[in-house]
Structures are given as C-alpha cells and as structure tokens.
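Hello,

I am handing over a structure that you have not worked with before. Please open it next to this email, and I will take you through what I found.

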Amino acid sequence: MMASLLFGIKYALRHWKIAGLIFVIQLIGAAFVGLLFQKDLSTHLGHSLAGRLMEEGFNFAVFKDLTRSIPDALSGVTTGFLVVLIIFLFLSIFLQGGAIKSLVDNDSKAMSILRNGKRYFFPFLLVAFISLLVLIICTAVLWFPLLSNFLPLNESLESDRLFFYLLYAVLLLYLFLVALIVSWSINTRINYAVLHESIWASMKAGVSWTVKKALPLGLVFFFFLGIGLLFMFLNVKLDKIDSIWVAFFGSLVFLFGRLVARLWYYGTLAYYASAIR
C-alpha cells in the first residue's frame, strides 16, 4: 500500500491539469452562486432598515426590523440553495467521472475530461445514489439505537465514562464502515472505467475487492481524511489573517490542494487495484 501511495502522489502531480480544470469549473460555479445569493438577499433586505445593519452598527430598531425581514428573505434563498446543492451534486459526479477515466487512460486533455464526464455520468450517478442509500442505512442502524436509548443507557451503566467508551466504539465502527462504502464506490467506478463491464458487475467486483482488502483500504481512507481535515484546519487559521486578499488567495491554494489530494486518492486506489501502471 505504501508503494501505491507514493505512486498515487506522483501520478496526481503528473496530471495536475485535471485538478486545474475541476478547480476552474468549481470556481466559476461558486462565483455564480454567490452572485445570485447576494442579489437575492439585496432584493429582500437592501431597501429595509435591516439592509443598513452593517453600515450603521447595532441599534434596536435595526435589529427588530432584521428579525422580521430575514425569514422572508431566506425563504426564497433556501429553495434556491436546495436547487444549487442538487446542481453541484450532479456537477461533482460529472467531474468525478471525467477525472477517474482520464486518470485511468493517462489523458489530461480538457476535452477528454469533459467527454468522459458525459459518458460516465449516469452509471456513476447510480453508484452515488446506491452509496448514499447504504450510508443512510448504516447510519440509522448504528446511531438510532444508541441515541434513542441515551437516557436508559446512562442510568443502567455504572458510570458516564462507560457510555462515552461505547460512543467512541460506535463512532470508530461507523467511520470504518464509511471508509469501506467510499472505497467500494471508487473501486466500482475504477472497475467500470477500466473493464467496461455492466455497472452491476462492476459494483459486485467493487464489493468483492473492498471486502478482501478492507483493512488497507480503511487505513488509506483515514490517511486522506486526515489530509482533508488538515486543509480545513489551515483554512480556518487563514481566515484569522487581517488581509482579505491573503485569505482569499490562500483559500484558493487550499482548494486546489484538496483537488490534487482527491486525484492522489483515486490514483492510489487505481494503482493498488492494478488499474494503472
């Protein structure tokens, strides 16, 4: 697995153009959504006392008007946010299909990525839907019994510490199951992109491979989860800098770094499954 990790990072850096294209598309999409969100809020709040909240500082009249205006303003924004969330979900699946197939084919051309994204969109959408369904089921099975019996468990156990030990055990088990679900999802897509079998055959092969290699795949998932958390931590620290431009461009660098890390993850799993060399 260590050889796969080392190969994965070299392969991801070799194909940094894939991350670059995804970065540009996501940045344009985020800018467009932000513009619509700002325009929607300005329409609802711009001509009210609440619209001058940031300009004049706090006073009771402004605050009271704000509490009346915000619910109406956000009612339309909430609907728009759900639509945007769905669009970004579809966009991420489209880009993931293009990225995985382009990595497997050793092809970083922009047109190839877009063409592959279109070609693999619906099969990968099916995999994403089933993965989400399995994740929801696992979440309900593991967490509902524990959380619904929170008080009885606290009363029956000898100490609160035992309950927290149980909570930590369930959390670790849950994270490991999440690792397997994510690994299965990616392995399925890699298998489909390489062998061009039916998507159902690829799902079955993905399950078999993931179960067979559960421990190393779980460890790799936690490794990349740690990288993602590190980027989030650095981004939070960056927000505390007084210079807005340093924070803005630093956030863009971290975003690009996360995309490269995602390619690293794909490349690692593909090399480990002998899908690329």
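A word on burial first: buried means under 20% relative accessible area, exposed means over 50%, and partly exposed lies in between, with a 1.4 Å probe and protein chains only. This is a predicted model, in which local features need pLDDT of at least 70 and side-chain atom pairs count only at pLDDT 80 or more, while totals for chains, interfaces and linings use all residues. Residues are numbered from 1 along each chain as its sequence is written, and side-chain values use heavy atoms, with hydrogens and water left out.

Now the confidence. pLDDT is the predictor's confidence in each residue, from 0 to 100. Its mean for the protein is 79, and 78% of the residues reach 70 or more. Please take care with residues 47-55, where pLDDT stays under 50. Residues 62-66 are also below 50.

Next, the aromatic rings. Rings of Phe, Tyr and Trp (its six-membered ring) pair if their centres lie within 6.5 Å; planes under 30 degrees apart count as stacked, over 60 as edge-to-face and the rest as tilted. The structure holds 16 such pairs. One of them joins Tyr120 and Phe124, a tilted pair with 5.5 Å between centres and 40° between planes. Both partners are buried, Tyr120 at 1% relative accessibility and Phe124 at 0%. Phe121 and Phe122 make an edge-to-face pair, because their planes stand at 80° with the centres 5.1 Å apart. Here Phe121 is buried at 15%, whereas Phe122 is exposed at 62%. Elsewhere, Phe223, Phe224, Trp264 and Tyr265 form one aromatic cluster.

Finally, two helices. Helices (H or I, at least four residues) are DSSP runs, numbered from the N terminus. In H5, residues 110-119, the buried residues are Ser112, Ile113, Asn116 and Gly117. They line one face of H5, because they fall within an arc of 135° seen down its axis, taking directions from the axis to the C-beta atoms. The face turned away from that side carries the exposed Met111, Arg115 and Lys118.

Ser131 belongs to H6, residues 121-148, and is buried at 8% relative accessibility. Beyond its neighbours within four places in sequence, Ser131 is in contact (heavy atoms within 4.5 Å) with Ile181, Trp184 and Ser185.

Best wishes
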